[in-house]
Amino acid sequence: MAVHKIVLFYAFTPVPDPLAVKLWQTALAQQWDLTGRVIVSEHGINATLGGTVENLKRYVRTTRQYPGFADMDVKWSQGTGVDFPRLSVKVRPELVSFGAPDELTVDSTGVVGGGVHLSPQEVDDLVAARGEEVVFFDGRNAFEAEIGRFKGAIVPDVSTTHDFVAELDSGKYDDLKGRPVVTYCTGGVRCEVLSSLMASRGFGEVYQLDGGIVRYGETFGSQGLWEGSLYVFDQRMHVEFDDQTRSLGRCVLCQATTANYENCAAPSCKTLRVVCAGCVPGAAVQVCASCEPVSV
């Protein structure tokens with residue numbers, strides 16, 4: 001029986017012809033029956049794909065042949081074979097949609113002016129050495145942090161990644177500019193950009209968790225500074241790093257602890273809400289706060 005996996009990776013490097021890379025990536029993924037999402041821009045590549053172990057290995061090995069992609073950090077996790085509904089390969093102005101493509105500079109070494117990369121152990125060492133002076137800054141959309149985040153983390157009030165620039169420019173985090181700030185996100189790609197945006201706005205000591213929450217969870221499970229479950233952008237919706245994990249999520253209907261997400265009942269709304277299994281039938285006929293008083 002075939003074993004299915006999911007790979008997550010990105011690489012920041014100049015891509016002179018994004019369209020050509022898109023066509024190449026599409027052909028590779030179709031050749032090996034992969035599904036998921038690949039984004040290509042002049043800044044590099046960002047991908048999450050599912051398939052059999054054998055086919056994913058072939059795909060990764062071939063993708064590494066492109067100049068600048070050879071050393072990309074590929075993260076592997078368990079898959080089901082139906083984790084993504086289809087294959088999507090697109091060219092976009094940004095690998096992550098911060099709405100600031102002109103602010104990002106990339107060379108053969110990666111993002112220019114980004115935060116200092118820290119391994120999971122180095123993050124813990126920094127906290128051990130400097131204690132509460134260290135600030136964890138969540139680089140994800142706020143709803144993702146509902147089920148898991150670093151202890152004491154600042155979670156910006158953003159619905160989309162595009163909201164981060166205005167959030168930083170609002171001045172509400174200016175008091176952090178003299179403190180060590182550790183940015184983190186799922187696999188690391190968002191923090192590559194976020195940390196550079198923060199550094200260019202005067203945050204003087206900015207770090208980024210190398211490999212993101214995924215690598216931290218693989219290293220420490222639920223025994224480190226991370227608390228709860230991790231939201232992921234596929235059919236699984238969330239993952240836990242060990243059997244001791246206790247989600248931080250609270251059902252919006254009954255406040256029970258859960259990591260389960262359900263869509264708002266309004267057909268046109270894409271809002272995800274944390275809803276426990278016991279309340280799912282009721283949630284199917286209730287809309288989120290932003291859709292009220294929409295009738296469904």
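How many residues does the hairpin that joins S2 to S3 pass through? The hairpin runs through two residues. The model examined here is predicted, with local features requiring pLDDT of at least 70, side-chain atom pairs counting only at pLDDT 80 or more, and totals for chains, interfaces and linings using all residues. Residues are numbered from 1 along each chain as its sequence is written, and side-chain values use heavy atoms, leaving out hydrogens and water.

Strands here are DSSP runs of E with at least two residues, and helices are runs of H or I with at least four, numbered from the N terminus. Strands count as paired if DSSP finds at least two bridges between them. Strand S2 (residues 35-41) runs antiparallel to S3 and is joined to it by seven bridges, with Thr 35 partnering Gly 50 in S3. S3 also pairs with strand S1 (residues 4-12), again antiparallel, over nine bridges; Ala 11 there faces Ile 45 in S3. Strand S3 (residues 44-52) is mostly covered, as nine of its nine residues are buried (under 20% relative accessible area, with exposed meaning over 50% and partly exposed in between; 1.4 Å probe, protein chains only).

Turning to another strand, Asp 138 lies in S9 (residues 135-138). Asp 138 counts as buried because its relative accessibility is 0%. Beyond neighbours within four places in sequence, its contacts (heavy atoms within 4.5 Å) include Arg 149, Phe 164 and Tyr 184. The C-alpha atoms of Asp 138 and Thr 186, 48 residues apart along the chain, are separated by 9.6 Å.

By contrast, Leu 23 in helix H1 (residues 18-31) is exposed, with a relative accessible area of 53%.
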